[in-house]
Each structure stands twice: as C-alpha cells, then as structure tokens.
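I opened this model to look up a few residues and their partners. My notes follow in the order I made them.

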Amino acid sequence: MAGRSKLVVSFGEMLIDFVPTVAGVSLAEAPAFVKAPGGAPANVAIAVARLGGGAAFVGKLGDDEFGRMLAAILRDNGVDDGGVVFDAGARTALAFVTLRADGEREFMFYRNPSADMLLTDAELNVELIKRAAVFHYGSISLIAEPCRSAHLRAMEIAKEAGALLSYDPNLREALWPSREEARTQILSIWDQADIVKVSEVELEFLTGIDSVEDDVVMKLWRPTMKLLLVTLGDQGCKYYARDFHGAVPSYKVQQVDTTGAGDAFVGALLQKIVQDPSSLQDQKRLEAAIKFANACGAITTTKKGAIPSLPSEAEVLQLMESA
C-alpha cells in the first residue's frame, strides 16, 4: 500500500446515485433509474487511484447490499478501504439525481439518518489518517452529529501528522436545514484548509456576489492558505497562490454528463501536488498541474456517470497532446 509521503486520504460520504434511464426529465417523469456509485469524497479517492496514485477512503456505510457493493468498488479501483466502517442499524445513503431539460441538476436524498452521518470519532482509523500526505474532505459531513465531530477530529489528526488539508465544500443545499446554516458551517472550517476548491456557484453562495472577479474571490482567501481554486466549468479555472495567481483554460470536448467532473479535477490536482509539493510555490509547475487536472475533468464529462468516466493518466495525456 502507498506510503506516508504519497497518500491521499479522502473523508466523507459514499452513496448510491439513482439516475434516470432517459435524460432531460424530472424525477417524477423518469420511467426508470439505474444505480451508480457516488459521493464526492469517494469519487476523488478513485480519481487519484485511477491516475496511479495512492488513495484511501474514510467513511461509514450501511451493513447492507449497497454498502458492501460500494466498499468492493473502492477496493476494485485500488483504493485502500481500511478506513471504512459499517453500521448495522442504518442504511447506505441514496440520492435520486436527474439532469432536467433546462440543464439544472435536481436531487432527492434518502438520509434520515444514513450510515455516513453516524460515523463517530472513536471509529476513525487514526493510523491511516496519520499516513496522509493530503487529507481531503467536503462539507456534507459537517451537517449532523456524530459525523461532524468525527470530521473535525480527523482534520486535527491529519494536520498534526503534517498533512496538507484539502477542502471542496461541494454544496448540496437540499441537505442543509437552511442556506444560512450551510454558509455558517461551510465557513466554520475555512481557515484550516491549505487547499480550497470552489465552483462559481459556491463562490456566489459564500460571498453573496455574482461575480468571479479577483476582488470577489479574495473575500474567500485566508493568509493560511496555499492555494484557492475557482472552477468555471468548460471555461477552465482561476487559481490563487500566496505569491501569484492566474487562469488556466479547459479543453474543448463533447459533453455528455458533468457529474463527477469537479471530483476528477480535484483528484488529478491532488495527485500532482502529492508527487511534487513544491509546485504550490512555482507558477509554471502549478499551471502544468492545473492543465492536467482540467483535462481530467473534461474527459469525465464525455461519458455518463462519475466513477466509470474517471480517466487513466494515458487518456489524460492523449487529450492534452491532441489539443
């Protein structure tokens, strides 16, 4: 298994997405659904492993058919599942997801409570977390106790052991009691992250300003950060490091399904940073890493589903060379 220096440990939720068999319909109109493994932190771990990196996942699944299936998917994709625990009393989370005709995603979640929300700090695989070069997480694990306390403790353990902390809030408004609570809790751990990635939608949500101009983005910058990224879909991404900032365009592809593109981007970037941590201080090398991550995200949009469409390094390099 990957050693301390190169391991990306991802923390949070893994679930089953149910996706309609036809596109452009509401959940109510969908004639049937197919199941797809999902959950942003798990997608990130698999993205890293698919690119040849060392990855592990920490989280809780239901001790049910779906939970066992998801753990097997992690293992089959080369992700260390030593941080996975099972709950006999709660089910694996489910989400019904559809891409409506207007292009907006519609979510309906079954989590009351689901197993991932019930992870306790006593169940954390401390030794695995201590081996992380990068410890990655989202904000869904902050919504409810006891998972929230487990999340905060895991961050603490990773930080003390010398890991870089990576945060992608991955906003899902439907899961929070209110917009205000979502904003408060997402920002409650903002100052602790070394690397933060937000989408333009999340940028507007957190700042209250519909703009991706530098002065708006800088409202989210903290002196403790090493890198802040704003992803702009097919327009690429803007990046802000301590001594420099810039923008890197994406690759033009035929989009089929954008699910998991952000997770592919994050996984690819973390894999590059783990290989060369000094790229955080070197603009040329950082831009090369972001270009690679953009290509990884772009490829993911060309196929249906998140995990099946995560590319290998060879596929990413092929796209980069052909462009």
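I take helices (H or I, at least four residues) and strands (E, at least two) as DSSP runs, numbered from the N terminus. The model is predicted, so I note that local features need pLDDT of at least 70 and side-chain atom pairs count only at pLDDT 80 or more, while totals for chains, interfaces and linings use all residues. Residues are numbered from 1 along each chain as its sequence is written, and side-chain values use heavy atoms, with hydrogens and water left out.

Entry one: Lys197.
I found Lys197 in strand β10, which covers residues 195-199. Is Lys197 buried or exposed? Its relative accessibility is 8%, so I list Lys197 as buried (under 20% relative accessible area; exposed is over 50%, partly exposed in between, with a 1.4 Å probe and protein chains only). I then looked up contacts, meaning heavy atoms within 4.5 Å. Setting aside neighbours within four places in sequence, I noted that Lys197 is in contact with residues including Tyr167, Asp168, Glu202, Thr231 and Phe265. With Asp168, the Lys197 side chain makes a side-chain polar contact of 3.3 Å. A polar contact is a pair of N or O atoms within 3.5 Å; within protein, one must be able to donate a hydrogen and the other to accept it, and residues adjacent in sequence count only if both atoms are side-chain atoms.

Entry two: salt bridges.
I use the term for a side-chain nitrogen of Lys or Arg within 4 Å of a carboxyl oxygen of Asp or Glu. How many salt bridges are there by this rule? I get a count of 17.
Arg68 pairs with Asp63, and their closest N and O atoms are 2.8 Å apart. I list Arg68 as partly exposed because its relative accessibility is 41%; Asp63, at 40%, is also partly exposed.
Asp116 and Arg111 form a salt bridge at 2.7 Å, N to O, and both residues are buried.
For Asp191 and Arg222, I read 3.1 Å between the closest N and O atoms of their salt bridge. Asp191 is in the loop between α5 (179-188) and β10, and Arg222 is in the loop between α7 (214-217) and β11 (227-231), so this pair ties together parts 31 residues apart in sequence. I also noted one network, in which salt bridges that share partners join Lys60, Asp87 and Glu123.

Entry three: Ala158.
I placed Ala158 in helix α4, residues 147-160. At 0% relative accessibility, Ala158 counts as buried. Leaving out residues up to four places away in sequence, I found that Ala158 touches Ile129, Phe135, Ala163 and Leu165. From Ala158 to Ala132 I read 6.8 Å, C-alpha to C-alpha, across 26 residues of sequence.
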